[in-house]
Amino acid sequence: MRTRVIQLLGFAVMLLTADVFVQCEQIQGQQIKVKGGHELGETGEQFFAEGYEKEMLSACATGDFKSVNKSSRRQLKEYCAAFADVHQQAIGGKRTEYKGSGDVSELRTDTFTFDKDRLVKAELLYSAPTAEVNYRGQSFEEIFTGVKQAYGPPVSETTKPVQDAYGVPYTAHRELWLLPHAAILITEKPGPDGSTSLAAFTREEYDRTVATDAAKAANPLQ
């Protein structure tokens, strides 16, 4: 519903597309900058006062939905209520996730994580291009090449064999870059319904995630 609502509003979302990490610059002493004027580590107030989020808050506040029909107006009001709730949690310091509108043409969904009033993680999930969807989306190779051009070779590259539901074998890739103030992680899910996740973390968030994952993997009998 959210994607349809945002399309009706006609907002062009320029936030965190696949080439964000290609075009952004890592300036010493600063966080990763992204399109739309955002950057990892910025406050929730800053995030929602910029770009698409700023326009969405303004539209919801004024209730100016004259350009859409009555049924869509009702859906917009429901979306605005949910949007306002996420906004309040983000600026209030609660750990919360905000589902962005993504990009339908690229078959991409965006998820932003806030913690203690800071943007600590941004994740883009791309469906792999296929003939059925007119080759929209982005492949693992395209995303990996872009990030590598921007930041050089990853500090960690791993692969593991996987199979689809029919037993067809594939190789899944995982690429990691560790920067002074951030981490970038590409995770591939190959196969007919494949996808590639491109995530950027603050270093504090990445280190916390690694520690949490390690704890989950511990043998409870030892």
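In the predicted model, strands β4 and β5 form a hairpin, with two residues between them. Lys116 lies in the turn and has a positive phi of about 55°. The two strands span residues 108-115 in the case of β4 and residues 118-127 in the case of β5. They run antiparallel and are joined by eight bridges. Within this pairing, Arg108 stands opposite Tyr126 in β5.

Strand β4 also pairs with β3, which covers residues 96-99. Four bridges link β3 and β4, and these strands again run antiparallel. Tyr98 has Phe112 of β4 as its bridge partner. Strand β4 is mostly covered, with seven of its eight residues buried.

Ser195 is located in β9, which comprises residues 195-202. The relative accessibility of Ser195 is 15%, and the residue therefore counts as buried, the cut-off being under 20%. When neighbours within four places in sequence are left aside, Ser195 is in contact with Leu125, Tyr126, Ser127, Ala128, Thr187, Glu188 and Lys189. One of these contacts, Tyr126, is the residue of β5 that stands opposite Arg108.

Methods:
Residues numbered from 1 in each chain as written. Predicted model: local features only at pLDDT ≥ 70, side-chain atom pairs only at ≥ 80, totals over all residues. Heavy atoms only, no water. Buried < 20%, exposed > 50% of the residue type's maximum accessible area, 1.4 Å probe, protein only. Pairing = 2+ DSSP bridges. Contact = heavy atoms within 4.5 Å.
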